[in-house]
Amino acid sequence: MRTQDSHLDELYGLPAFTFPLPGEGTGLPEPDVVAWRIGHERWKSEDLWVEAFDCFCAEVDITRVRALIVGCWEDPEDTDPSEVIGALLAVRDRMPALRSVFLGDITDQECHISRISQTDVTPLLTGFPALEEFGVRAGEGSSLGRTLRLEFPALRHDALRRLTVESSGLPVNVVRGVGASDLPALEHLELWLGGSDFGADCEAVDLEPILTGARLPRLRHLALRNSEIQDEVAAAVASAPVVARLEVLDLSMGTLTDDGAAALLHGQPLTHLTKLDLHHNYLSEPIRQRIRGTLEPAGVAVDLDQEDAELRTICVGPLSY
């Protein structure tokens with residue numbers, strides 16, 4: 001499992017490879033066999049991200065690139081990735097094979113997740129209509145008195161199969177934007193809702209458009225993670241229409257207690273799932289036994305790992321940012 005101190009090691013099923021700094025290394029892999037990471041550890045390079053990307057475009061046949069990981073840009077606490085998005089859109093006609101993008105693969109050492117500046121990321125989706133996977137890590141930065149937060153206005157995208165939004169405090173407008181989007185191919189949706197101390201302001205009712213599944217006909221994996229209102233989320237999920245067609249339900253990394261778990265057990269049957277992920281929780285042993293006794297005999301893989309406290313570094317229970 002990735003933590004805040006590690007970069008992605010793969011994307012789109014391809015191993016991650018960081019495009020080297022000038023003078024570092026001599027051989028480059030074939031363009032379509034790796035997920036290319038552009039961006040280096042903060043303070044390691046004086047090059048701007050856009051300059052590094054220009055070098056990448058000059059040295060690699062980007063017509064064959066399938067996956068791209070955007071690492072640390074200049075100062076993610078004070079600068080949003082608008083220039084990064086602009087640079088990608090400027091070469092979209094030269095990247096017909098691009099199918100996966102992760103924006104903001106930034107470790108805690110480089111910038112705490114709660115302080116990563118973001119912007120409206122939907123131009124990447126509209127600009128790359130063949131994109132199948134999109135992920136973003138987001139917090140809240142500021143510059144000259146302006147708040148730099150993630151935005152995700154509603155859109156339609158016919159090819160997107162996987163959407164991941166990692167945050168320590170997800171704005172309600174992002175949750176509503178995702179819920180109002182038409183994503184007919186989406187199979188995997190992962191939202192880290194976060195905590196109110198870091199800007200999270202959604203309530204369980206704001207998840208209703210997602211939980212009906214009306215705009216997500218192919219959804220099979222739903223993750224509503226890292227939330228300080230996990231009990232309320234679990235109660236809403238317990239009667240959600242979308243659950244009947246899920247294979248994986250993930251309510252991990254949050255403040256789930258016996259109340260939320262009991263709501264799940266008293267709601268619709270979950271025995272059709274292949275996996276229920278509740279790792280990092282605050283459940284008592286009796287309720288843990290009830291969950292296992294109800295689901296495991298039906299073949300459901302149940303993750304109830306409570307983890308060591310020192311590993312709970314991204315989670316809202318307790319958040320460390």
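Tryptophan 49 and phenylalanine 53 sit 4 residues apart in helix H1, so about one helical turn separates them. I start with this pair. Please keep in mind that the model is predicted.

In general, an α-helix has 3.6 residues a turn, so residues three or four places apart point the same way. Across the whole structure, a search finds 6 aromatic pairs. Tryptophan 49 and phenylalanine 53 form one that is stacked, with 5.1 Å from centre to centre and 15° between the planes. Are these two residues buried or exposed? Tryptophan 49 has a relative accessibility of 2%, and because buried means under 20%, it counts as buried. Phenylalanine 53, at 1%, counts as buried too. Both also belong to one aromatic cluster, made up of Phe17, Phe19, Trp36, Trp49, Phe53 and Phe56.

Now the rest of H1, which covers residues 49-59. Its buried residues are Trp49, Ala52, Phe53, Phe56 and Cys57. Viewed down the helix axis, these buried residues fall within an arc of 140°, so they line one face of H1. On the face turned away from that buried side, we find the exposed residues Ala58 and Glu59. What covers the buried residues of H1? The cover includes strand S3 (35-38), strand S4 (67-70) and helix H2 (82-90).

Next is helix H4, residues 172-179. How many of its 8 residues are buried? The count is 6, which makes H4 mostly covered. Those residues are Val172, Val174, Val175, Gly177, Val178 and Gly179. They pack against strand S9 (162-167), strand S10 (188-194) and helix H5 (208-212).

Last, a point about the backbone. Most residues other than glycine have a negative phi. Which residues here have a positive phi although they are not glycine? I will mention two. Asparagine 226 has a phi of about 55°. Asparagine 226 is part of strand S11, residues 221-227, and is buried, with a relative accessible area of 0%. Methionine 253 has a phi of about 65°. Methionine 253 lies in a loop, between strand S12 (248-250) and helix H7 (258-266). With a relative accessible area of 4%, methionine 253 is buried as well.

Technical notes. Residues are numbered from 1 along each chain as its sequence is written. This is a predicted model: local features need pLDDT of at least 70, side-chain atom pairs count only at pLDDT 80 or more; totals for chains, interfaces and linings use all residues. Side-chain values use heavy atoms; hydrogens and water are left out. Buried means under 20% relative accessible area, exposed over 50%, partly exposed in between (1.4 Å probe, protein chains only). Helices (H or I, at least four residues) and strands (E, at least two) are DSSP runs, numbered from the N terminus. Contact means heavy atoms within 4.5 Å. The arc is that of the directions from the helix axis to the C-beta atoms. Rings of Phe, Tyr and Trp (its six-membered ring) pair if their centres lie within 6.5 Å; planes under 30 degrees apart count as stacked, over 60 as edge-to-face and the rest as tilted.
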